[in-house]
Amino acid sequence: MITMDQIIREGHPTLRKKAEEMKFPLTEEEKKIAGEMLEFLKNSQDPEKAEKYGLRAGIGIAANQIDVPKRMFALHITDEGMEPLSMTIINPKIVSHSAKRSYLPGGEGCLSVDRDVPGFVPRHAKITIKGFTPEGEPIKKRLSGLQAIAFQHELDHLNGVMFYDHIDPDEPFRDYPDAEPLKAEEE
Ligand code: SB7
Ligand code: NI
């Protein structure tokens with residue numbers, strides 16, 4: 001079971017390296033990690049388990065955050081009003097995206113960052129994504145709202161990018177003409 005002490009924090013070199021493409025079929029060990037990442041997210045969102053194991057709630061986790069430099073991440077987003085998104089995706093990519101961008105009005109956080117970094121993180125508002133399940137079945141989806149933002153946060157991890165790399169250092173809350181704050185009902 002993954003707990004907070006397996007999650008590497010900023011300053012660890014693995015977070016700044018590009019993760020490696022995975023080959024199919026995945027090894028048993030890789031499949032196990034894929035399942036454990038999703039289990040971690042579910043546990044972290046379960047108040048009792050989060051308290052018991054000291055987990056910070058997360059909607060996503062990338063393999064390199066547990067020091068596994070491979071191209072996979074998990075998302076578990078079950079907000080009301082949206083179809084739930086719960087998956088571990090292998091070799092994820094964005095095949096197209098909207099011109100419009102979107103950002104969380106409260107900024108972003110990260111399980112690998114133990115401090116508050118204020119500022120807007122503009123991201124594509126809508127994306128079409130591709131990838132594979134751990135069993136090697138192809139995935140293709142169109143994502144918007146929080147799901148699109150979270151997907152891009154995780155894909156960034158696989159490329160060694162942290163959310164605060166996108167924040168304007170001189171004016172963290174500046175206006176972006178092509179971007180709008182994500183409204184609560186779009187989460
Ligand atoms: C805010 C939080 C996340 C994604 C997008 C906006 C996920 C935080 C957990 N992670 O550190 C996952 O990498
Ligand atoms: Ni993160």
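**Close-up 1. Surroundings of glutamine 147.** In this view of a predicted model, the backbone oxygen of glutamate 83 lies 2.9 Å from a polar atom of the side chain of glutamine 147, a polar contact being a pair of N or O atoms within 3.5 Å, where within protein one must be able to donate a hydrogen and the other to accept it, and residues adjacent in sequence count only if both atoms are side-chain atoms. Glutamine 147 lies in helix α3, helices being DSSP runs (H or I, at least four residues) numbered from the N terminus. Because its relative accessibility is 7%, glutamine 147 counts as buried, a word that here means under 20% relative accessible area with a 1.4 Å probe and protein chains only. Leaving aside residues up to four places away in sequence, glutamine 147 touches Ile77, Met82, Glu83, Pro84 and Leu85, where contact means heavy atoms within 4.5 Å.

**Close-up 2. The nickel ion (ligand 2).** Cys110 (SG), His153 (NE2) and His157 (NE2) are the protein donors of the nickel ion, at 2.1 to 2.4 Å from it; donors are N, O and S atoms within 2.8 Å of the metal (3.2 Å for Na, K and Ca), and since water is not among the atoms, sites may look incomplete. Along the sequence these donor residues follow the spacing C-x42-H-x3-H. Histidine 153 and histidine 157 are separated by about one helical turn, because they stand four residues apart in helix α3 (residues 145-158), and both are buried.

Close-up 3. Oxygen atoms of ligand 1 lie 2.7 Å from a backbone N or O atom of leucine 111, 3.2 Å from a side-chain N or O atom of histidine 153, and 2.9 Å from one of histidine 157. Taken alone, ligand 1 exposes 360 Å², of which the protein buries 92%, with areas from the Shrake-Rupley method and a 1.4 Å probe.

**Close-up 4. Leucine 26.** Leucine 26 is found in the segment before α1 (28-44) and counts as buried because its relative accessibility is 5%. Its contacts, not counting residues up to four places away in sequence, are Lys31, Ile90 and Pro134.

**Notes.** Residues are numbered from 1 along each chain as its sequence is written, while chains are lettered from A and ligands numbered from 1 in the order in which they are written. In this predicted model local features need pLDDT of at least 70, side-chain atom pairs count only at pLDDT 80 or more, and totals for chains, interfaces and linings use all residues, while side-chain values use heavy atoms, with hydrogens and water left out.

Methods: Helix = DSSP H or I, 4+ residues; strand = E, 2+ residues; numbered from the N terminus. Buried < 20%, exposed > 50% of the residue type's maximum accessible area, 1.4 Å probe, protein only.
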